Structures are given as C-alpha cells and as structure tokens.
Amino acid sequence: MPMSEQSSETLDLRAALEKYFGYTSFRGPQEQIIRTLLSGRHVLVIMPTGAGKSLCYQLPALLMPGTALVISPLIALMKNQVDQMQAYDIPAAYLNSSLTRAQQEEVRQACLSGRVKLLYVAPETLATDHFQELLQQLRISFTAVDEAHCISEWGHDFRPEYRRIRSLLRNVPPMPIIALTATATPRVQADILENLEIQDAVIFRTTFNRPNLYYQITPKRSQQQTLKEIVQYVRARRGESGIIYCHSRKRVEEVAKTLQTNGIKALPYHAGLDSATRSKNQDAFLGEEVQVIVATIAFGMGIDKPDVRFVIHFDVPKSIENYYQETGRAGRDGLPADCILYYDYNDILKLDRFLRDKPASEREAIVFLLQEMAYFCESGQCRRKMLLRYFGEDYPHDHCGNCDNCRYPKSSFDGQSIAKPILESFALLGKYPLLPVLEHVRGSLTEIAGQTLPTFKTLKNHSLDDLKAYAAQILMEGLLTRDPQDYSLVLLSQKGQTWLQNPTPLPLYKPYDRTPREDEELFLDDEPLHDPILLDMLKNLRKKIADAHRVPPYVIFQEPTLIEMATRYPITLEELEKISGVGPVKAKKFGQPFIELIKKYVEENDIERPPELIVPTNTRRTPDWVEIIESIDRRIPLQRIAERLGLSLAELIDRLEMLIFKAGIQLNITYAVQQMLDPDRLDEAFEYFMQAETDSLDEAIRALGNDYTEEEIRLVRLYFHQQALAAMR
Ligand SMILES: [Zn+2]
C-alpha cells in the first residue's frame, strides 16, 4: 500500500477510490471533505443517512500513515462496517466488549504491527486502561467520531460516555478529528464542536433531500384494517426487505405474529427481548433470512442495510426528526423506496397521555414536537418541502412529484360552513374535548354538557372521520387551540374569536381515500432494462456466497451492482470490474462464480449482450437518478451533468424521459430548455407540440427536423409535457 506522505492537493483521490472501492466518482462533497481532512484540519460532516458519510474517513485512513481511530456507538454497527471493509480487502478491525480476551489480544497485536488502518472502538472501550495503554504505542492518523450527535442532550440519542471522548484522547499527539452526524439542528452542531474542542473545524453540510424516498401518510382506520393493508403490501413485495415500526412491544409482537401467520417471514425486535434474541433477529434480517423486521424505535441505529425497500410506521413517530431518521433507513442504495405512515390523531393523544408524569418543561417541548408531527401528517402540502423546511432547507419547488400530496393532490374548498358551527360550539362550551363536540354537530350525540346547542345536527351530512380531519386542520390554522394544561381539551383561540366575528374564506383539504391501487408500482419495477430472472439468480448466488463468508449479502455486492450485472451481462473479470461497485479487488475476490453464472445464462438463453461492454469505457452505468435530480434542482447545464456522469446528451435525455414520463417525477427543466434554444425556436417547437395529434418523436422529427437536433426536439417535448401537466393542476 503506498503510504508516502503526498501533498493532499496533488493526490489522485479518484484513482484511490476506484482502486479500493471500485467506484469511479465521489458523491456530493466527499472529495472535498477527504482533502480537508488530509490537509490536517478538523472537519464536521452533517449529511443525512445514506449520503456516504463513512467513505469520508475510510478512504483517508488508507492514504495516511498510521491507524485511524473510529469511535462508533453501537457494537452491531461496528461489526457490520468492519465486515464490509474486509470484503474490500481493507485492513480494519474493532475492539469492544463482544470480543473474547484472545480475540482482543489478536487485534491488539495486529494494531501494533501496523497492519490495521482503521480501528473501530466503542467509547467505553476507549476509557479502559488497556486501551489507553495501546493508544500510547500506536501512530494515530486521525480520529473519526461517528454518530457525533450522541454528544448532545439535544440530539435524539444522547450518550453520556460520548462527552468524555476528547479527554480520553488527551495523551495522543495532535491529530485532526472528523465528526460525522445525520442530525442537523444548530444546537446539536454547536454542542459537537464545543465538546470535541474543534470549533475551528471546516463544516460540510449537504442537502437532506432524499429524492428516491416516496413519502405517504395513510389514514389509520382501524388496527385490523391497517394490519390487512400491511399484509397485502408486504406480500406484493416478495424478496424486498422492510422495517415496520410500532410504539409498543405488544404491538410489535402482534404485527410480527400476523405477518408470520400470513406466510411472511418476519421477526420482532424490541427492548423486552434478551440481547441474544435481539441480535439473532437482527442478523436474520441483515442476512435476508427474514423479509421484515417489526420493531420499536430501539431498532435501527445500528442498521446499515442499504437495500431496505420500505419503512412502515404502524404508529405515528414522536417528532418529525424521528420520522426523518426512521424513514432514512430506507433506500440507502439510492434506489426507490417507500415510506408509509399510518396516521390517527388518537395516537398523538395516546403519546401525550404517556407524558402526564413528565416535568412540565420537558413535557412542553415534547408536546410541541408532537403537534408539529400532527401538522405534518394532516397538511396538504408537499411532504418533502415540509421536511426540508424543518431542517432549515428551502426546497425550490412547490411539488416534488414523489410524495402522496404531490401525486394525489388534495383538493381544497372553502370550509367556512364547516368551521363556523364547530367554532360556535366551543364559543358556548369553553374548554371541551373535541370528539363529543363533533358528534354533537353531526347529530349522533344529542346532549353535550347537559344541553342541546343551536349547532346540533348542523353538519349532519359529514362523516365523523371527515369532521375529525377538518377539525385537525382548523386546529392547525390556529382557530382552535389545545389547552396547554390538558392537551385533550380544545378551546377557541383569540384568532378563532376574531374569525367568528368576521368569517373569511378558509381553505380545507378534503380527506381522501388512499387505498393502494394496482398502478402505483414504483418506476424501477417496470423499468425493462434489467433481466429479472438473471437478477434473481444473481441474488441467490450472492446469498450463498454471503452465507459461506458469514456476512450480509450486500457486503458481497450491493443491489444496484447486481441490477447492472443483469443489464450488462459481464462475462469476463475485466468486464465485471467495470460494473460500478465492483472494482478489481471484489472482482478478484468474488467475481468468478458471478461471471460463470452470467456466461452460462447468456449462452443458454441466446442473449445478445449490449455492445458497450465489448469496448469498455470508464463511464458509470448505475442509474444516476439521484444525482440527476439533484443536478437539475441546482440548475446545472445539461451538458455539464452529462459530462459529469459520463453520458452523451441523448443518454441523459433518456434518463430525464424515464424520470418525468415514467416515474412522474416533477423536474423543473425550464432553465435547461431556455439555455439550449433561443426563444423563437423554442416557441416554434412548443407550438408544434400544441398542434400535433401525437407526441410521437418520429412525427416531430419529420415536421421539425431540419431546424432542430433530435435532442432539442426531445427536450422541448419533455418541457411541453411538463407545462401541460402544470396547466392541468
Ligand atoms: Zn411532494
């Protein structure tokens, strides 16, 4: 391994990336982060889950002399990461209480001999005399503090022992520290910098947008109905991993049992199980022996499984931050994944009741977080926009096209006639629970507080469910408010009183039915590019090899890599190396059985392989959806996006068509069209599509072809399609 101390500016990081990890390009600011760390400065990295944080310390560890110390809170996570490193032939090891004495000694010797480039430790281990002694004898290149938000009481997973890290490193010669977290609030950020004494750190923060996640909030009608829907949903996704979150142990057991009874491989995970059972169940999930893990929120922080295709919340999370973290465990490989939440306002009330015994100050904060969560669930706005706003990020569009509110816009109407009797009732009653008031105005409860109000039966044409949904929105509008002393009581607010005196139009969203429809499959499902039979065979092979190595399957190859194999049919090791996520090391280590299988399959089925592989190029061929969507969001010229991804312009437009036509994702390409065509030519081509009978490309080329390139025509067609859609909204 070349360990000479090269200047960080001239070092060819891309070559190193390809050599060790088999990837040809960095994601987001990874390269900048690595260069900053190599230059000896402290770094704070704030990136959402799945954005590629670990690489920011893994690669520099290999390039710097000595051993990098990685402090990580969970033993499960450590083993996982070390397994993955070893699959790349990268010398990594971990020390924690799960190892026997003999194993610890073995790791110690390996460290002393200089063979270990990355040493993972738990903060508890760091504090032991043994380890402090070892630390004195090692050359530490830098320290990485993973999940650094554990330092802060304001983070969602405070760990007191994390606050001691800095003092436990006192005896190590000065070195850079890189802290990494997925928690973005300014308070937590300040705590991390202060506690680690790295106030001068260079801070890198990337977008929290996860464009491949589809967000859906479904009304929870009843437990039974919800269970039924979940069974149906999971059944339709055979072979795809998922996590179902519930609040209570009892519910976890119940849901797991129901799934099992219905022939779905599922296991429970909660704090009531002993630790051996918990880790057995977790391993079964990672090893794909079970499809679904049903868990309380205790599960997940240690989970680094990239191909979780769905996260279902049976119960509402306690805050938007929790929701974001938990849904963030889906789709880390960048492929589409679903995040479905079953929402019932009663769950909010139940959570609130748990809080009764908490001290007032603490309660207030939690109630506030709950209220925000309820607002998030009930709003008709784009979920992504709301989530990003929560993290202080401004999403530049009104619609993302990949959430329920964008795909099935709630229609709003003037709700004055509904709001009025409800508000009037509260004006007469003062503080009162919401539900009986709704039943009274609906007519199903004749007396309230010993009387019949003039508003009795005024809303008899609405179902109770609908009225509940409207009332929640009226609460969110601030016309009604909750009693801060007793969250279950509602009263008229100052704003509501003013409104009652002089009512103005009040937009309310219609509650709507979101039972899953047949045609709601995510777009990669009908993507014809890869060979599904071959993909299954490759997955089986991967499983076999993974089992033999006792590692999770994705350690061998991740799913996008297998999909690419099932698209490109590589039959030699050289060809396999070019598949993204493979690289020379993995090709040599695991490649042979894969190319043999593919070769046999190609021969038996007379498959004509795509020509690109015969003259391999260095372009990256995985679906670059996420990168494309982000680049378009940032208004990068198409030519530049294409260059960066190693695509021709036509290939980039292929992908845009896929995203916009097939996936229905809202991408604002107006800027790109305007960059490519001057206004007159744009008008002319646009006018053609207005008048044309069909949007057939051949027809358009015949009509326009002399004055336009094919790419220009395709781009205008896309633009026209979008404008037409926007006009229909
Ligand atoms: Zn949206």
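Which residues is Phe720 in contact with, leaving aside its neighbours within four places in sequence? They are Phe686 and Phe689, where contact means that the C-beta atoms, placed from the backbone, lie within 7 Å.

## Basis of the model

This is a predicted model, in which local features need pLDDT of at least 70, side-chain atom pairs count only at pLDDT 80 or more, and totals for chains, interfaces and linings use all residues. Residues are numbered from 1 along each chain as its sequence is written.

Phe720 belongs to helix H33, which covers residues 710-728. Helices (H or I, at least four residues) and strands (E, at least two) are DSSP runs, numbered from the N terminus.

Phe720 counts as buried because 20 other C-beta atoms lie within 10 Å. The cut-offs are 20 or more other C-beta atoms within 10 Å of a residue's own for buried, 12 or fewer for exposed, and partly exposed in between, with C-beta atoms placed from the backbone. Met690 is 30 residues from Phe720 along the chain, and their C-alpha atoms are 8.0 Å apart.

## Strand E12 and its partners

Strand E12 (residues 308-313) has 6 of its 6 residues buried, so it is largely enclosed by the rest of the structure. E12 pairs in the parallel sense with strand E9 (residues 241-245) over 5 bridges; pairing requires at least two bridges found by DSSP. In this pairing, His313 of E12 stands opposite Tyr245.

E12 also pairs in the parallel sense with strand E13 (residues 337-343), over 4 bridges. Here Ile312 faces Ile340 in E13. Between E12 and E13 the chain passes through helix H13 (residues 320-327), in a right-handed β-α-β crossover. Right-handed means that, with the strands pointing away from the viewer, the path from the first strand over the helix to the second runs clockwise.

How values were computed: Contact = placed C-beta atoms within 7 Å.
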